[in-house]
Amino acid sequence: MIDDGTGLLTIGELARITGLTVRTIRYWSDEGALPPVARSSGGYRLYDAASVARLELIRTLRELGLGLADVRRVLAGETTVARVAAAHVVALDAQIRSLKVTRAVLSTVARRGSGAEEMTLVNRLARLSAAERRRIVEEFVDEVFHGLDTADPVIRERMRNTAAELPEEPTPEQVDAWLELAEMLQDPDFRAQMRKVAEFNAADRGHDTPAGTSLWFSRRLVQLGAEARERGIAPGSPEADQVLRELLGDADPATVLDRLRSHATDRVARYRELLAIVKGAGPEAAYREEFAWVVAALETRAGG
């Protein structure tokens, strides 16, 4: 306390009372969190008893992880500690998710025995922000469906909303799948291949076709293909004719075969497998064998 009868305190006195360093108090004061109540004749900042209480509150808020901008807003009455704390919970949750992804990446690197170059690539791709992951997916979908107004909107939206997010605690297998998927979505050759699939979808539909029809057909194909395989029906057998009739109805088998061939390539099948793995469903959810059975049955009747 300065000896002038005012009862005011210098920064040095504040430091001795609170146990904080002079440097820290001066910094908080410079940043506007602890304004001085007066100046000495020599120009030194002076503080009162209320400043001590304010300083203790600043220290508490800082220890809780609040930045000085938030501290100033709380002290100015522009917000409450509860609101700021809630915002910080959200931020910490995001940081925790990021750390979990980082942990999964390191596990993947350790399991692979990755070298420095591969580790850099793996880390860069896996630590893409959610916004960056979504950008990759959205650019892929926009290019694949550009100008195809009759393409099934349900398929378009499912592709747009799939695989942008890694799970909160991804397994090394899910990290691997996302890395492979991210590279695939940016590959011009794969985009051209998926563009062909989308063009087939658009050609099969009119503007009055109910949304989701394409998805219904795929689900029916998987169901009938799975049942045929479980019953041991060979694609070239007479029993397969009935399965195809149930699936195709009045549709032209040759046209359907052309469409399905675009879906049944190794890369498109791998794309579906990767999506399934990222979602935690496992590669079997891509239904590679079911698609292959129907294609084989149609090819047999088409003469190859």
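What is the relative accessible area of aspartate 241?

Guide: Aspartate 241 has a relative accessible area of 29%, so it counts as partly exposed. Buried means under 20% relative accessible area, exposed means over 50%, and partly exposed is in between, with a 1.4 Å probe and protein chains only. This is a predicted model, in which local features need pLDDT of at least 70 and side-chain atom pairs count only at pLDDT 80 or more, while totals for chains, interfaces and linings use all residues. Residues are numbered from 1 along each chain as its sequence is written, and side-chain values use heavy atoms, with hydrogens and water left out.

The partner of aspartate 241 is arginine 301: their side chains meet in a salt bridge at 2.4 Å, N to O. Arginine 301 belongs to helix α15 and aspartate 241 to helix α12, so the pair ties together parts that are 60 residues apart in sequence. A salt bridge here is a side-chain nitrogen of Lys or Arg within 4 Å of a carboxyl oxygen of Asp or Glu. Side chains of opposite charge can pair when their charged atoms come close. Arginine 301 is partly exposed too, at 34%.

The helix to follow is therefore α15, residues 288–302. Helices are DSSP runs (H or I, at least four residues), and strands (E) need at least two; both are numbered from the N terminus. The expected span of a helix is 1.5 Å times one less than its number of residues. For the 15 residues of α15 this gives 21 Å, and the end C-alpha atoms are 21 Å apart, which agrees.

Next, the side of α15 that is covered. Glu290, Phe291, Trp293, Val294, Val295, Ala297 and Leu298 are buried in this helix. An α-helix has 3.6 residues a turn, so residues three or four places apart point the same way. The buried residues of α15 pack against α11 (213–230), α12 (239–248), α13 and α14.

With a relative accessibility of 3%, leucine 257 is buried. Beyond residues up to four places away in sequence, leucine 257 touches Val295, Leu298, Glu299 and Ala302, where contact means heavy atoms within 4.5 Å. Leucine 257 and valine 294 are 37 residues apart in sequence, but their C-alpha atoms are 8.7 Å apart in space.

Arginine 288 meets aspartate 266 through their side chains at 3.5 Å, N to O. Arginine 288 lies in α15 and aspartate 266 in α14, so this pair ties together parts that are 22 residues apart in sequence. Arginine 288 is partly exposed at 28%, whereas aspartate 266 is exposed at 60%.

That pair also leads further. Glu180, Asp266, Arg270, Glu273 and Arg288 are linked in a network of salt bridges. Glutamate 180 is partly exposed at 29%, and arginine 270 is partly exposed at 26%. The structure as a whole holds 15 salt bridges.
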